[in-house]
Structures are given as structure tokens and as C-alpha cells.
Amino acid sequence: MPVISFANAKGGAGKTTAALLLATEVAERGKRVTIFDADPQKWISHWAELPGRPRNIDVISQITPASLTEQILDASASSDYVIVDLEGTENLIVANALSVSDLVVIPIQGSSMDARGGAKILTLISKLEKIVKHDIRHCVALTRTNAAVTTRALKAVQETLAVRGIDVLMTAIVERAAYRDLFEFGGGLCNQDPKAVANLGKARENAAMFSAEVLQRAVVAPRRRWYDVFKKAS
Ligand SMILES: Nc1ncnc2c1ncn2[C@@H]1O[C@H](COP(=O)(O)OP(=O)(O)O)[C@@H](O)[C@H]1O
Ligand SMILES: [Mg+2]
């Protein structure tokens with residue numbers, strides 16, 4: 001079913017965090033999720049070795065540029081959702097993953113550096129759309145925002161995106177200790193101890209709203225449906 005990739009040509013934009021939040025939210029609702037860990041830092045693979053990984057999340061760490069598209073499309077036939085966590089760069093693996101994605105989420109922190117990394121992915125998507133001959137749906141998720149104040153840098157990024165007519169999720173991912181804790185202690189937000197983590201309830205609410213907005217946009221693209229029929233028949 002839908003393939004959702006997380007991409008920004010800059011590291012530290014919040015791709016891996018956003019990808020894991022989505023995966024654990026979806027898994028909590030009983031769906032089967034496959035995560036492709038295409039980030040050489042392998043944070044999601046490390047997370048998968050910690051206790052508390054939901055049984056309905058599979059993590060695939062072995063990625064090669066030549067086999068990635070096939071691997072992703074095969075996983076999408078057996079999983080409810082495929083989530084791809086990409087490296088903070090532009091390379092063949094990123095291009096291959098984007099070309100078979102039904103939705104690309106571009107996490108951007110409220111800084112001009114991150115926005116430039118996001119713009120590179122937007123340019124890459126428009127080049128790939130000409131090659132694959134269908135639209136590659138994409139949206140920006142603002143990340144690590146301050147729960148209390150909107151900074152000047154964040155406002156500037158929001159205005160630039162609005163001028164370019166880019167789809168920006170209404171829910172920004174707030175800076176929360178609970179999100180960092182997932183990579184320390186494993187599991188999803190539902191496994192964290194509310195006595196040990198500040199604002200866990202708010203973090204859960206924020207992650208649920210973010211995921212709902214992403215899932216609304218994640219519809220299998222027409223070209224992908226054709227591939228699924230072809231695979232079933234072969
Ligand atoms: N919403 C957030 N709240 C708290 N920490 C965050 C959040 N998003 C990212 N981080 C932290 O910022 C760093 C970079 O985030 P990460 O998701 O690994 O980015 P990327 O995958 O784009 O390189 C990590 O240390 C991560 O724990
Ligand atoms: Mg990462």
C-alpha cells in the first residue's frame with residue numbers, strides 16, 4: 001500500500017524522528033508497517049533493537065541503489081504502509097526512493113539552511129516527475145518548532161513556502177523530549193512513562209495530528225496501482 005518517504009537534502013532536519021513518529025502511530029492502530037532505513041546513520045535500525053518495538057513494524061536496513069525500488073514496491077504489496085527514511089543528501093538512493101513514493105514528506109526546521117535542503121528535494125521531485133511521467137505528491141512538515149512562540153526564522157520559512165504554493169502540513173512537529181526518548185528507550189509514545197517524560201500527553205496529541213494529516217495525503221498513485229496489478233499477474 002502507500003509508500004511515504006521522508007527527505008531533506010540537509011541532515012538534522014527531523015526526517016528520522018518524523019518517520020518513526022508516523023510508523024509508531026500507524027502501528028498503534030494495528031496496521032502493518034515496513035520501514036526502509038536508508039539513512040547511513042541507521043537510527044531506526046538501532047531503535048528496532050531496543051525493547052518495545054511493535055511486532056507489526058518491520059525494519060529493513062540492507063539497502064542498495066540497484067534493488068531499492070524493487071524492494072520498496074514488493075514491501076508495499078505486503079504492508080499497509082511503507083515508510084522510507086532517507087539520508088540528508090541527494091544521491092541515487094534518494095532519487096530512486098522518491099520516484100516510487102506515493103507521498104514525499106519534506107521535514108524542514110524553521111531555518112533558512114533547512115529550507116534550502118528542502119528546496120533541493122523540491123527541485124529533484126520536479127525532475128523525477130518528468131521521468132516517471134506522473135505527479136509525485138509531496139508536502140512540507142515544519143519540525144522542532146517551539147510550543148510557545150513562533151520565531152522570526154520560522155515565519156520567514158512559512159512565508160517563502162506559501163509564496164511558492166507548497167503544501168505545508170497544518171500540524172508542525174513540536175520540539176519534545178518524548179520524541180528524543182524514543183531513540184533512547186525504544187517503542188512508541190504509548191510505551192513511554194508519563195511520570196518520566198515531560199508533556200507526554202501533548203507529544204502524543206501532536207504526533208497523532210501530524211500522522212493523520214500525512215495519512216490523508218498518502219493515496220497510492222495511479223502508476224503504482226498499475227505496478228501492483230502487474231506484480232499480482234506475474
Ligand atoms: N521534534 C523533535 N523534538 C525533539 N528533538 C528532535 C525533534 N526532531 C528532531 N530532534 C532531534 O534532532 C536531531 C536530528 O533529528 P533527526 O530526526 O535525526 O534528523 P534527520 O533524520 O533529518 O537527520 C536528533 O538528535 C533528534 O533527536
Ligand atoms: Mg536521519
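1. A term to begin with: helices (H or I, at least four residues) and strands (E, at least two) are DSSP runs, numbered from the N terminus. With that in place, H1 supplies three residues to the shell around ligand 1, the largest share. Please keep in mind that this is a predicted model.

2. Ligand 1 is surrounded by 14 residues, and the closest of them are Gly12, Lys15, Thr16, Thr17 and Arg144. Sorted by class, this shell holds four nonpolar, five polar and five charged residues.

3. At Gly12, a backbone N or O atom lies 2.6 Å from an oxygen atom of ligand 1. For Ala13, the distance from a backbone N or O atom to a ligand 1 oxygen is 2.9 Å. Gly14 also places a polar backbone atom 2.9 Å from an oxygen atom of ligand 1. On its own, ligand 1 has 550 Å² of accessible area, and the protein covers 82% of it.

4. Turning to the space itself, ligand 1 takes up the largest pocket. This pocket has a volume of about 550 Å³. Its lining is made of 23 residues, with Gly12, Gly14, Lys15, Thr16 and Thr17 lying nearest the centre.

5. Where does the lining of the largest pocket come from? Two or more residues each are given by H1, strand S6 (138–145), S7 and H7. H1 gives the most, with four residues. By class, the lining of this pocket has eight nonpolar, eight polar and seven charged residues.

6. To sum up, H1 is the element to start from: H1 gives the largest share of the shell around ligand 1, and H1 also gives the most to the lining of the largest pocket.

Terms used:
Residues numbered from 1 in each chain as written. Chains lettered and ligands numbered in written order. Predicted model: local features only at pLDDT ≥ 70, side-chain atom pairs only at ≥ 80, totals over all residues. Heavy atoms only, no water. Near = heavy atom within 4 Å. Polar contact = N/O pair within 3.5 Å; in protein donor to acceptor, adjacent residues only side chain to side chain. Areas by Shrake-Rupley, 256 points an atom, 1.4 Å probe, with all protein chains shown as cover. 1 Å grid on protein atoms, 1.4 Å probe; cavity = no way out; pocket = protein on both sides within 12 Å on 5 of 7 lines; lining within 4 Å. Sits in = over half its atoms within 2 Å of the grid points. Nonpolar A, V, L, I, M, F, W, Y, C, P; charged D, E, K, R; others polar. Points joined across faces, edges and corners; volume = space filled by probe spheres on them.
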